[in-house]
Amino acid sequence: MSNPTATTTATGSDSIASLRRRFWALVPLGGSLPANVWLVRHRFLVGLTWFHACVIALLGPVLGYSWEFSLQALFADGTVLHTLFEGAIVGFFAFAGSWPALNRTLRASAISFGLISSSAILVHLSGGYIELHFHFFVMLVFLALYHDWVPYLLAVAYVAIHHGLIGTLWPDDVYNHAAAINAPWTWGGIHAFFILFQCIGSMIAWRFTERAAAQNQLILNSVGEGIFGLNREGEIIFANPVVGEILGFEAENLMGRRVVDVLDRGETGAGRAILAVLSSETLRTEGKGLLWREDGTQFPAEYVSSAMVERGERSGAVVNIRDVTRRERAAEALQQSQKQYQDLINSIDGMVWEADAETFRFTFVSEQAEQILGYPRGRWTEEPEFWANHIHPADREWATQFCAKATREKKPHRFEYRMFAADGRILWFGDIVTVVVENDKAIKLRGVMIDITQRREAEERARRNHDRIGALQEIME
């Protein structure tokens, strides 16, 4: 018998595990932004940090603060030197975030400190003006654009220390509200509550963006063609791995490079044709041309460039490229094979033909047909019963029966018959018929008609001479 308690426990464990999986599915992975996307967002946030640095530095002169210049004035409220110093702090972080020698996380962390410091400085300079506390919430929303846990958690920790430690030990520096000053722990908890839910909202939006990006990347990577995107300046902003394989690059190394530099190498070619959709009236262009690989070799490719239109303006283009080297080689090989086959057919001392196995209507005859019988080649395939109608009446029935027998037995046959040439002559032909079988059904007949007129005439002369000799022998006896 089953144990109800054990079953209930197992069900409860499964429910907890399911809830845990659902919760974890809402947590962003972080660090997932492509380099070019991250750089665009980083530049925006660096600019935002510099903006705050300038605003803070100019607050003193604009608000008419004291122009006292001394060491004490540097740390004293109400002086121009103090606001300049506070602005310089934010500017330092903006400068550090702009330093390309640092990796992504360090640069993002510098900007994180700069923006959250600007929030704390603005609250401080306002004397704890309560509405300015919302500046923290706004900066946390902006910092979620990085999709990076390190700078985001550093900013959250900064806010927690500012409101939890400084706000409780020195509430006059953080709040200008009597209720907050009298109950800093309560107001710290209220702010923590709003910060928490602001973080949850940002993380959910962050996670949804990650999922959409992952799905788009999966679709992009699963396509068998090379696909990449361009911005208005013609720079590559995304590319799937197939593009890297075609061009001989790592896909990441294509980011930020101009498409004409990659595909054309300074020459007028497909790259410039692809860019035409960014400036011309057409929204789509397609063509074929020679593209460059990283190793300096060229290859034939087909491309389709489609303009991306946002709010009525062209913001970039999506390009599909396909390496057609193999296809062209196959086409060349097929053309060469067909030429060799045609040369072989033309070298045969006879007429090669092909006909339907049921109707005996000819579908192909070689060039020798016109040379041997004198009829235009087109008549053989255009007139349904051309072959049968030009067979000598005495041979017509059994010649067609031979073809029917070959079709029925699905094996080669050889027979001889006479046909009328265009000039009225009667010619003898030896015909070798083979059968093309598919799915155990004869579908085509193929053969070679060889002019054996001279042989048959020689045989006839020999027969007549033999008959004369026999007759003379009978007379002499």
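Visitor: How many residues lie between S4 and S5 in their hairpin, and which residue in the turn has a positive phi?

Guide: Two residues lie between S4 and S5, and Arg 311 in the turn has a positive phi of about 55°. The labels are DSSP runs numbered from the N terminus: helices are H or I with at least four residues, strands are E with at least two. This is a predicted model, in which local features need pLDDT of at least 70 and side-chain atom pairs count only at pLDDT 80 or more, while totals for chains, interfaces and linings use all residues. Residues are numbered from 1 along each chain as its sequence is written, and side-chain values use heavy atoms, with hydrogens and water left out.

Visitor: How many bridges join S4 to S5, and in which sense do the strands run?

Guide: Two strands count as paired if DSSP finds at least two bridges between them. S4 and S5 (residues 313-323) run antiparallel and are joined by 10 bridges. As a point to look up in the model, Ala 307 has Ala 317 in S5 as its bridge partner.

Visitor: What joins S3 to S4?

Guide: Nine bridges do, between S3 (residues 284-292) and S4 (residues 298-310), again in antiparallel sense. Thr 285 is bridged to Ser 305 in S4. The hairpin of S3 and S4 has five residues between the strands, and Gly 296 takes a positive phi near 90° there.

Visitor: In what order do the strands of this open sheet stand?

Guide: Read across the sheet, the order is S2-S1-S5-S4-S3, five strands with antiparallel pairing. S2 and S3 are the edge strands, each pairing on one side only. From one strand to the next the twist averages 25°; such angles run from 0 to 180 degrees between N-to-C directions, with axes fitted as lines to C-alpha atoms, for helices over the stretch in contact.

Visitor: How many bridges join S8 to S9?

Guide: Eight bridges join these antiparallel strands, and Arg 414 is paired with Ile 432 in S9. The S8 and S9 hairpin has five residues between the strands, with Gly 424 at a positive phi near 95°. S9 and S10 pair antiparallel over 10 bridges. Their hairpin has two residues between the strands, and Asn 439 takes a positive phi near 55°. Further along, S6 (residues 351-356) and S10 (residues 441-451) pair antiparallel over six bridges.

Visitor: What lines the largest cavity?

Guide: A cavity is a set of points on a 1 Å grid over the protein atoms alone where a 1.4 Å probe fits but cannot get out; a pocket is an open set with protein on both sides within 12 Å along at least five of seven lines, and lining residues have an atom within 4 Å of a point. Here the lining of the largest cavity is Trp 353, Ala 355, Phe 360, Phe 362, Trp 387, Cys 403 and Leu 445. By class that is seven nonpolar, no polar and no charged residues (nonpolar: Ala, Val, Leu, Ile, Met, Phe, Trp, Tyr, Cys and Pro; charged: Asp, Glu, Lys and Arg; polar: the others, Gly among them).

Visitor: Which helix gives the most to the lining of the second largest pocket?

Guide: H2 does, with six residues. The lining has 13 residues, and Asn 36, Val 40, Asn 231, Glu 235 and Ile 237 lie nearest the centre of the pocket. Seven residues of this lining are nonpolar, three polar and three charged.

Visitor: Where is confidence lowest, and where highest?

Guide: pLDDT is the predictor's confidence in each residue, from 0 to 100. Confidence is lowest in helix H1 (residues 4-25), at a mean of 62, and highest in helix H4 (residues 80-97), at 94. The protein averages a pLDDT of 82, and 89% of the residues score at least 70. Where pLDDT is low, the predicted coordinates should not be read in detail.
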